[in-house]
Amino acid sequence: EECDPREIRAQTHAVAGFGRLFRANATQPLQRAFRREEARYARVSVSDPGVPNGAIAVSIVPELSRWLSDVARTTKAMRVYADNNEMLIRFLSDTHATLSRILEIVPELTLAVRDDRLLYGATIVHENTDHDDGIPFTLYSNAFRRITIVRGMTREELSSFMRAIMIEQTGYDRSGEDLVSSLWRLALPHLRYLTIDAIAVQAKSAEPDTERHDIDRIQGDIE
């Protein structure tokens with residue numbers, strides 16, 4: 001089920017930091033269950049109504065790929081330039097203008113998230129294997145499995161979204177707020193996303209003793 005940003009607060013503590021802890025601590029049966037759940041979300045993503053079929057989908061793929069490259073470039077620029085820097089202002093304006101052109105063709109833009117790529121339907125539109133600077137891994141490691149941008153997103157909303165990603169990548173936020181919590185707080189009206197509550201998934205599929213003990217231990221480490 002896809003949630004409005006204001007409705008996901010209950011998931012944030014279970015999600016925060018889970019990816020690294022889960023890979024390091026979970027038993028093999030839990031990891032297999034987690035992969036099965038991810039596969040289920042992958043099937044949902046490809047058939048999402050935000051992804052049109054046929055010629056329309058094909059026509060926006062090149063510009064969508066360019067836009068995502070611009071998002072990555074602008075996010076990096078945010079690390080080194082002040083908000084009033086002319087180059088950063090131009091990057092933001094160009095990135096928003098490209099997004100607006102895409103959303104004139106489709107009413108909403110849905111991307112499936114994998115650890116090293118973003119997909120529009122079944123088409124890879126952005127790929128980056130970098131686990132430090134790559135936007136796919138930043139989203140994936142924070143439990144995002146699908147993001148949807150809706151027609152009408154303003155330049156300010158897009159800037160806030162990219163800045164939240166930048167802060168997550170660099171660790172500038174000393175409060176310990178993760179990306180899910182940041183986006184919940186921002187409540188951007190033209191952004192929707194789906195996250196996988198991995199702790200809840202494992203709790204439902206765990207055996208009574210060993211696996212449940214692992215879940216409790218990992219949940220305790222996160223909290």
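This is a predicted model: local features need pLDDT of at least 70, side-chain atom pairs count only at pLDDT 80 or more; totals for chains, interfaces and linings use all residues.

Visitor: Why is Glu63 called buried?

Guide: Glu63 has 18% relative accessibility, and buried means under 20%, so Glu63 counts as buried. Glu63 lies in helix 4, residues 55–80. Leaving aside neighbours within four places in sequence, Glu63 is in contact with Thr98, Arg101 and Ile102.

Visitor: Why are helix 5 and helix 7 called roughly perpendicular?

Guide: The angle between helix 5 (residues 86–105) and helix 7 (residues 155–170) is about 110°, and their axes are 10 Å apart. Angles of 65 to 115 degrees count as roughly perpendicular, and therefore the label applies to helix 5 and helix 7. The crossing of helix 5 past helix 7 is right-handed.

Visitor: Which residues make the contact between helix 5 and helix 7?

Guide: Helix 5 contributes Ile89, Leu92, Ser93, Thr95, His96 and Leu99, while helix 7 contributes Arg155, Leu158, Ser159 and Met162. By class, five of the contact residues are nonpolar, four polar and one charged.

Visitor: How do you know that the span of helix 7 agrees with its number of residues?

Guide: Helix 7 has 16 residues, which at 1.5 Å a residue should span 22 Å. The expected span uses one less than the number of residues. The end C-alpha atoms of helix 7 are 22 Å apart, so the two values agree.

Visitor: Which residues of helix 7 are buried, and what follows the helix?

Guide: The buried residues are Glu157, Leu158, Ser159, Phe161, Met162, Ala164, Ile165, Met166 and Gln169. After helix 7 comes Gly171, with a positive phi near 75°.

Technical notes
Residues are numbered from 1 along each chain as its sequence is written. Side-chain values use heavy atoms; hydrogens and water are left out. Helices (H or I, at least four residues) and strands (E, at least two) are DSSP runs, numbered from the N terminus. Buried means under 20% relative accessible area, exposed over 50%, partly exposed in between (1.4 Å probe, protein chains only). Contact means heavy atoms within 4.5 Å. Axes are lines fitted to C-alpha atoms, for helices over the stretch in contact, and angles run from 0 to 180 degrees between N-to-C directions. Angles under 35 degrees count as roughly parallel, over 145 as roughly antiparallel, 65 to 115 as roughly perpendicular and the rest as oblique. A crossing is left-handed if the near helix is turned anticlockwise from the far one by less than a right angle, and right-handed if clockwise. Ala, Val, Leu, Ile, Met, Phe, Trp, Tyr, Cys and Pro count as nonpolar, Asp, Glu, Lys and Arg as charged, and the others, Gly among them, as polar.
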